[in-house]
Amino acid sequence: MKIAYLVHSTSTDNESGIRSGWSDPELSLAGYQQASSLAQVFQNCRFDAIFVSDLTRTRQTAAVAFPGQAVRIEPRLRELNYGELNGKRRSCFTHPPGWEIRNRFPGGENCLDVQARVHSLLLDLARENPEQRVIFVSHRYPQLALEVICKGSSWEQAIEQDWRETGIWQPTWEYQFQV
C-alpha cells in the first residue's frame with residue numbers, strides 16, 4: 001500500500017505558540033492560504049481514498065486542498081494526546097526531547113500509543129486493498145509513527161530528523177506499507 005502524507009495547514013494555535021494535541025483549533029487565515037496553494041499541487045493527483053484525522057484543522061485542510069472530493073474521517077490519525085497539556089503553550093512542555101516516546105503525558109498518551117493506533121489503521125487498510133494509494137492528512141506524531149512503522153526508524157531518529165526540527169518542508173511525504 002502506498003501512502004502520501006500531508007500535514008495540516010497552520011492553525012490558530014500554531015500561530016499562538018500553543019501545542020494543540022487533542023484540543024480543536026481551526027485553521028488560521030495563513031492556514032487557509034496554505035491549503036489553497038496545496039489544491040494546485042494536488043489538482044491532477046488521484047488517490048483511492050483520502051483519510052483525515054477527526055480534528056478540525058485536518059478536516060479544514062482537506063476540504064480546501066481536495067475540493068469536492070470525499071474524505072474519510074479517521075480518529076486513529078489524531079495527534080498525540082497531551083492529556084492535561086492539550087492546548088497549552090509550548091513553554092509548559094518541560095520534558096527533555098524524546099521523553100514522550102515511552103512516558104505518557106498525565107491523562108494522555110505516549111508515542112508508542114500513537115504508533116499502535118496508526119499501525120492498526122494501516123493493517124485495516126492493507127486488508128481492504130494492499131495495492132491502494134491513499135493520502136493521510138494528519139499531524140506530527142502520526143507522521144513520525146509512519147517513519148517508525150514504514151521506514152524502520154527508531155522513535156529517537158524520527159524525532160531528531162523530523163522536518164519540523166530541520167526546517168525542510170515539502171508538500172507530501174511518501175511511505176510504503178506491507179503486511
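**The salt bridges, pair by pair**

Modeller: Arginine 72 has a relative accessibility of 39%, so it counts as partly exposed. Here, buried means under 20% relative accessible area, exposed over 50%, and partly exposed in between (1.4 Å probe, protein chains only). This is a predicted model: local features need pLDDT of at least 70, side-chain atom pairs count only at pLDDT 80 or more, and totals for chains, interfaces and linings use all residues. Residues are numbered from 1 along each chain as its sequence is written, and side-chain values use heavy atoms, without hydrogens and water.

Arginine 72 has a partner. Its side chain meets that of glutamate 128 in a salt bridge (a side-chain nitrogen of Lys or Arg within 4 Å of a carboxyl oxygen of Asp or Glu). The N to O distance is 3.3 Å. Helices (H or I, at least four residues) and strands (E, at least two) are DSSP runs, numbered from the N terminus. Glutamate 128 is partly exposed too, at a relative accessible area of 48%.

That pair is one of a set. In total, the structure holds twelve salt bridges.

Take aspartate 113 next. The side chain of aspartate 113 makes a salt bridge with that of arginine 104. The N to O distance is 2.8 Å. Aspartate 113 has a relative accessibility of 19%, so it counts as buried.

Now turn to aspartate 162. Aspartate 162 forms a salt bridge with arginine 140. Their closest N and O atoms are 2.8 Å apart. Aspartate 162 lies in a loop, with helix H6 (155–160) on one side and helix H7 (163–166) on the other, while arginine 140 belongs to helix H5 (residues 140–151); the pair therefore ties together parts that are 22 residues apart in sequence. Buried or exposed, these two partners? Aspartate 162 and arginine 140 are both buried.

Some salt bridges share partners. They join four residues into one network: Glu74, Arg76, Asp124 and Arg127.

Aspartate 113 is buried. Aspartate 162 and arginine 140 are buried as well.
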